[in-house]
Amino acid sequence: PFAPSCCASMATLRRVGSGVTMLAATPAEPLLRTGAPATLAGLAMGVPFGVALEKSGVVEPHVITDQFKFKDMTMMKMMLAGGAFASPLVYGLHAAGAIHVPFLDFVPGAQIVGGLLIGSGIALSKACPTTVFAQLGVGNKNAAYTLGGGLLGAALYGYTQPFLTTALPFLFKSYGSVTLPSLLGVPGWMVAVPYAALVGAGLYYLEKFWPSKTEEECCGLRCIMTARRWCPYFAGGILAALQPLSYLMVGDQLGASGAFVTVMGHILSLVDKSVKTAKSFFSSFLHGPVNMWKLAMMQSVVAGAYLSKKASEPKEKEEEKEITPAEQCPYGSFLGGLAMIFGSCMAGGCTSGQGLSGIARLEVGAFLNVAAIFAGGILLTKALPMLVSHCCMGKKTEMKEEKKKVEEKTEEEKKKE
């Protein structure tokens, strides 16, 4: 249901899904139209993407958990900055005809249900579809389980999609491309600029209540690679800059869930020839410069996160933060990966595709999807804590016994002294 909208030619009016007309310039064709150059561009763009994710701290499981508990707002700050600051750039360049911007359809049912699944998956796996690649780069032990679950989620959605669209047509009812500018009947930049200013003001006050955990002397252009943690706004700014670049290069949005479908489609095509047919959900993900670009970019995210961590590692090993059993649970990571990629396929994008690119395009469906993502994550984290950690009760008991032994040993040493 997510077909890119066609852009109008210069001095013509384009009718958007809501029925409101707006002026658009002739869109430029993407610079890269073949697989090899697109792959190289993906490899180049993935490195700063991976660095920004690692430096912001969103690769750490406790940061994601604390976000849903409202203890650490790093993830929200970075997403808000990345989406809002990109919006004037995207709409300005689109209006000038410098880039082609595809708009996704407004499919509220799929975007809400998909968002709830994504949020639940994030809460279970302590990762997002994009950050799981960065977690692989920093050596997160559960990232491989999340990746495996994500691949299975892509396979399940690919095979069940025809049934779902037939059995639940109301869930996939499309209302065309609906954006805030189209609803207001004004050019995109007239909404994008005030929106960016409003978000900037909101982030200023958000910082007062939830200060960012960062190194002040390295919060900006100094000590870029050696800093342990960047300001989330600085990391978000890098993600904002990558968005118009992605439209310029390949004419598509940032995103990671498509890479899962591409990999799984190629694997399944070895044993199931129907995957390559035009009716298959996988067929549009198997070939083409956009798919090669996304796949290469996600591989490069791994490298970027690895290099970022190595550059900022202290000479002397510091005491590691205690990790809860739920954060070590491989079953939760696997199920979380499955849920969030299944949900991403249903919603037409993940936290990058909808949360960054969709928000930058001011799509109503993207705002709805992001709200559902946070709702799903908060509900699972707060209302169902036992479900998150149940699979790891054995590990929890083991950790308690280990802690008890250490305490007993300490007590004995104190007595001897």
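This is a predicted model: local features need pLDDT of at least 70, side-chain atom pairs count only at pLDDT 80 or more; totals for chains, interfaces and linings use all residues.
User: How many residues apart are aspartate 252 and lysine 294?
Analyst: They form a salt bridge, with the closest N and O atoms 3.4 Å apart. The pair links distant parts of the chain: aspartate 252 lies in the loop between helix 9 and helix 10 (257-269), lysine 294 in helix 12 (residues 289-312). Helices are DSSP runs (H or I, at least four residues), numbered from the N terminus.

User: How many salt bridges does the structure hold?
Analyst: Side chains of opposite charge can pair when their charged atoms come close. The cut-off here is a side-chain nitrogen of Lys or Arg within 4 Å of a carboxyl oxygen of Asp or Glu. By that rule, the number of salt bridges is 4.

User: Which residue forms a salt bridge with glutamate 60, and what is its relative accessible area?
Analyst: The partner is arginine 229, with the closest N and O atoms 3.6 Å apart. Glutamate 60 is in the loop between helix 1 (35-56) and helix 2 (61-68), and arginine 229 in the loop between helix 8 (189-209) and helix 9 (232-250), 169 residues apart. Glutamate 60 is partly exposed at 28%. Arginine 229 is buried, at 12%.

User: How far apart are the closest N and O atoms of glutamate 363 and arginine 361?
Analyst: Glutamate 363 and arginine 361 are both buried. They form a salt bridge, and their closest N and O atoms are separated by 2.8 Å.

User: Which residues does alanine 98 contact, leaving aside its neighbours within four places in sequence?
Analyst: Alanine 98 sits in the loop between helix 3 (74-95) and helix 4 (108-125). Its relative accessibility is 33%, so alanine 98 counts as partly exposed. Contact means heavy atoms within 4.5 Å. With those neighbours set aside, alanine 98 touches Ala28, Leu93 and Leu248.

User: Why does helix 9 count as roughly perpendicular to helix 14, and which residues of helix 14 does helix 9 meet?
Analyst: The axes of helix 9 and helix 14 (residues 353-360) come within 11 Å and cross at roughly 75°. Helix 9 is therefore roughly perpendicular to helix 14, as that class runs from 65 to 115 degrees. Axes are lines fitted to C-alpha atoms over the stretch in contact, with angles from 0 to 180 degrees between N-to-C directions. Leu239, Gln243 and Tyr247 in helix 9 meet Leu356, Ser357 and Ala360.

User: Why is helix 5 largely enclosed, and which helices are included in its cover?
Analyst: Helix 5 (residues 131-138) has 7 of its 8 residues buried, so the rest of the structure largely encloses it. Among the buried ones are Val132, Phe133 and Val138. The cover includes helix 1, helix 6 (143-167), helix 10 and helix 12.

Definitions and conventions:
Residues are numbered from 1 along each chain as its sequence is written. Side-chain values use heavy atoms; hydrogens and water are left out. Helices (H or I, at least four residues) and strands (E, at least two) are DSSP runs, numbered from the N terminus. Buried means under 20% relative accessible area, exposed over 50%, partly exposed in between (1.4 Å probe, protein chains only). Angles under 35 degrees count as roughly parallel, over 145 as roughly antiparallel, 65 to 115 as roughly perpendicular and the rest as oblique.
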